[in-house]
Amino acid sequence: MENLPLARATVDPDAVARTRPGLVTDLAADPGTRVVLVRQGRVATKDGALDLRAPADVTGATWDPERLAYLGRDESGRYLALTLPETLGEERDLDGVPVQEDAALVSLVEGLEFSHLRDVGDVLPDRDAGLATTAVSLAAWHARHPRCPRCGEVTEVIDAGWVRRCTADRSLHYPRTDPAVIMAVTDAEDRILLGHAAHWPDRRFSTLAGYVEPGESVETAVRREVAEEVGIAVGQVEFVASQPWPFPASLMLGFRARVADGAAAEVRVDGVEISAARFFTRAALGEAVQEREVLLPTRSSIALALIEDWFGGSLR
Ligand SMILES: [Zn+2]
């Protein structure tokens with residue numbers, strides 16, 4: 001299972017350059033730089049690709065290193081992510097009048113299209129999918145980690161957007177990625193187990209998934225999650241592929257898993273996380289999808305890739 005939608009990065013991350021003092025300021029002054037704009041977890045897009053901008057085209061941007069991240073380089077240049085303020089264009093003074101200081105940037109941004117990676121992750125070209133995934137991941141991490149987890153003081157961004165440093169105790173903090181397992185569980189008849197999470201829209205079914213807990217191997221996490229959510233014992237577990245899922249910070253590790261030999265393939269949902277689950281034959285799932293009795297996850301997800309890998313073709 002190759003070329004998962006969000007695992008197609010082609011740009012050289014050029015990590016050694018990140019510590020160079022003044023790098024992001026140089027990038028912002030270089031007309032060859034291409035800027036990825038991030039706003040509220042979305043990226044600027046146009047015609048199914050990233051809407052990359054030269055710095056001079058991002059009228060009104062202040063190029064504050066707190067909002068910038070160096071994404072790397074390729075033969076066509078270097079890439080910089082600019083995360084726009086969450087409230088851009090929404091700030092009002094005490095009389096309810098829009099704050100005008102950033103008027104040029106607001107007017108630029110209002111003319112752009114911003115897309116969620118869940119929706120466009122599969123249509124973006126390889127390079128853009130990689131750039132967008134990194135840009136959105138870093139933006140989500142910065143937004144959630146403004147303060148030092150040790151002392152609570154404010155942290156500042158260093159190393160071209162890749163490290164935060166505490167202004168009081170100088171401790172360094174790095175972007176987080178939380179490993180999660182996601183598994184296509186099959187039984188002795190090669191039927192696939194799909195579940196419906198309690199908080200999902202009606203008829204949505206997908207593979208089971210969950211976070212790896214401290215002290216666990218990923219294989220243990222697969223067995224524990226399946227046992228907890230649907231009461232089924234899993235035997236053989238085989239890693240298939242992975243992709244980042246930055247909503248906000250997951251790394252999805254995809255597995256094929258088999259119901260343990262001799263174990264009953266009888267589903268007993270936990271009723272909390274999972275409210276329904278059942279095994280499907282290929283024919284039954286194909287028909288349920290056709291009749292829209294089952295709605296499968298988005299094309300950007302590894303879940304759909306795992307289901308289609310089992311199914312042997314396209315389902316959605
Ligand atoms: Zn601190």
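Analyst: The account below begins with the metal site, continues with the neighbouring strands, and ends with some backbone and ring features. The model is predicted.

The metal is a zinc ion, and its protein donors are Cys148 (SG), Cys151 (SG), Cys166 (SG) and Asp169 (OD). These donors lie 2.3 to 2.4 Å from the zinc ion. The angles among the four donor atoms run from 103 to 120°, and the site is tetrahedral. The assignment follows because four donors count as tetrahedral if all angles lie between 85 and 135 degrees. For comparison, the ideal angle for four tetrahedral donors is 109.5 degrees.

Along the chain, the donors of the zinc ion follow the spacing C-x2-C-x14-C-x2-D. Cysteine 148 lies in the loop between helix H4 (126-144) and strand S7 (155-158), while aspartate 169 lies in the loop between strand S8 (163-166) and strand S9 (172-173), so this pair ties together parts that are 21 residues apart in sequence. The two residues may also be described by their accessibility. Cysteine 148 has 4% relative accessibility and counts as buried, whereas aspartate 169, at 29%, counts as partly exposed.

The strands named here also belong to a sheet. Three strands form an open sheet in the order S7-S8-S9, with antiparallel pairing. S7 and S9 are the edge strands, each pairing on one side only. In general, strands of a sheet pair through backbone hydrogen bonds, either parallel or antiparallel. S8 and S9 pair over two bridges in the antiparallel sense, and the bridge partner of arginine 164 is histidine 173 in S9.

The loop between S7 and S8 contains alanine 160. Its phi is near 55°, a positive value in a residue other than glycine. Most residues other than glycine have a negative phi. Alanine 160 has a relative accessible area of 10% and is therefore buried. A further residue with a positive phi is aspartate 14, at about 50°, although it is not a glycine. Aspartate 14 is placed in the segment before helix H1 (23-29), and its relative accessible area of 13% makes it buried.

Two arginine side chains are placed over aromatic rings. The charged end of arginine 18 sits over the ring of tryptophan 162, 3.6 Å from the ring centre. The charged end of arginine 118 sits over the ring of phenylalanine 247, 4.6 Å from its centre. Phenylalanine 247 is also joined to proline 248 by a cis peptide bond, with omega about 10°. Proline 248 lies in the loop between strand S13 (234-245) and strand S14 (250-259).

Phenylalanine 205 counts as buried at 12% relative accessibility, and phenylalanine 280 counts as buried at 0%.

Technical notes:
Residues are numbered from 1 along each chain as its sequence is written. This is a predicted model: local features need pLDDT of at least 70, side-chain atom pairs count only at pLDDT 80 or more; totals for chains, interfaces and linings use all residues. Side-chain values use heavy atoms; hydrogens and water are left out. Donors are N, O and S atoms within 2.8 Å of the metal (3.2 Å for Na, K and Ca); water is not among the atoms, so sites may look incomplete. Four donors count as tetrahedral if all angles lie between 85 and 135 degrees; four count as square planar and six as octahedral if opposite donors are over 155 degrees apart and all others between 65 and 115; anything else is irregular. Helices (H or I, at least four residues) and strands (E, at least two) are DSSP runs, numbered from the N terminus. Buried means under 20% relative accessible area, exposed over 50%, partly exposed in between (1.4 Å probe, protein chains only). Two strands pair if DSSP finds at least two bridges between them. A charge sits over a ring if NZ of Lys or CZ of Arg is within 6 Å of the ring centre and within 35 degrees of the ring normal.
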